[in-house]
Amino acid sequence: MTKIKFPPSLKIIGGKAFDGCTQLSEIGPFDNVERLYAWCFQNTNLSGSVAFPKLKSMDYGEFTGTKITDITDLGEVTKIGGQMPKTLETIKIPNTCVSI
């Protein structure tokens, strides 16, 4: 599997949902995703920029082992967990965030 297109109805991406899908390089859109659980994209081949405009909650390690360079929108999250990708260059932290 190299590409996944999400339906507009998708709100939650579960823990380790795509962990280890090393061929996965394109995924989205994330337009209505409100919740990311731990390590959901860990060790995939995702790269470039991602945005989650309606995100309300995330855990940690969601992007560990990816090649993501930019996180441009984290919606209204109040907490950003640890273990961001080593390739991350920029992240836009929302005004709602109180804990990193």
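## Briefing: core, salt bridges and cysteines

There are 0 disulfides in this structure. Keep in mind that the model is predicted. A search of the whole thing turns up 2 salt bridges, and the largest nonpolar core has 23 residues. Here's the rundown by topic.

**Cysteines**

- C40 takes part in no disulfide, and the nearest cysteine sulfur, that of C21, sits 11 Å away.
- With a relative accessibility of 0%, C40 counts as buried.
- C97 is in no disulfide either; the nearest cysteine sulfur is that of C40, 17 Å off.
- C97 is buried too, at 16% relative accessibility.

- In soluble globular proteins, nonpolar side chains tend to be buried together.
- Take F63: setting aside neighbours within four places in sequence, F63 is in contact with L36, F41, V50, F52, M58, I68, I71, M84 and P85.

**Salt bridge E26–K3**

- The side chains of E26 and K3 pair up in a salt bridge, at 3.8 Å from N to O.
- This pair links distant parts of the chain: E26 belongs to strand β3 (residues 26-28) and K3 to strand β1 (residues 3-5), 23 residues apart.
- E26 is partly exposed, with 44% relative accessible area, while K3 counts as exposed at 56%.

**Salt bridge R35–D59**

- R35 and D59 form a salt bridge, and their closest N and O atoms are 3.2 Å apart.
- R35 lies in strand β4 (residues 35-36) and D59 in the loop between β6 (57-58) and β7 (67-73), so the pair ties together parts that are 24 residues apart in sequence.
- R35 counts as buried because its relative accessibility is 18%, under the 20% cut-off.
- D59 is buried as well, with a relative accessible area of 16%.

- You'll find Q42 in the loop between β4 and β5 (47-51).
- Q42 is buried, at 13% relative accessible area.
- The Q42 side chain makes a polar contact with the side chain of D19, at 3.2 Å.
- Leaving out neighbours within four places in sequence, Q42 is in contact with F18, D19, G20, G61, E62 and T64.

Terms used. Residues numbered from 1 in each chain as written. Predicted model: local features only at pLDDT ≥ 70, side-chain atom pairs only at ≥ 80, totals over all residues. Heavy atoms only, no water. Core = buried A, V, L, I, M, F, W, Y, C linked by side-chain atoms within 4.5 Å. Buried < 20%, exposed > 50% of the residue type's maximum accessible area, 1.4 Å probe, protein only. Contact = heavy atoms within 4.5 Å. Salt bridge = Lys/Arg side-chain N within 4 Å of Asp/Glu carboxyl O. Helix = DSSP H or I, 4+ residues; strand = E, 2+ residues; numbered from the N terminus. Polar contact = N/O pair within 3.5 Å; in protein donor to acceptor, adjacent residues only side chain to side chain. Disulfide = S-S within 2.5 Å.
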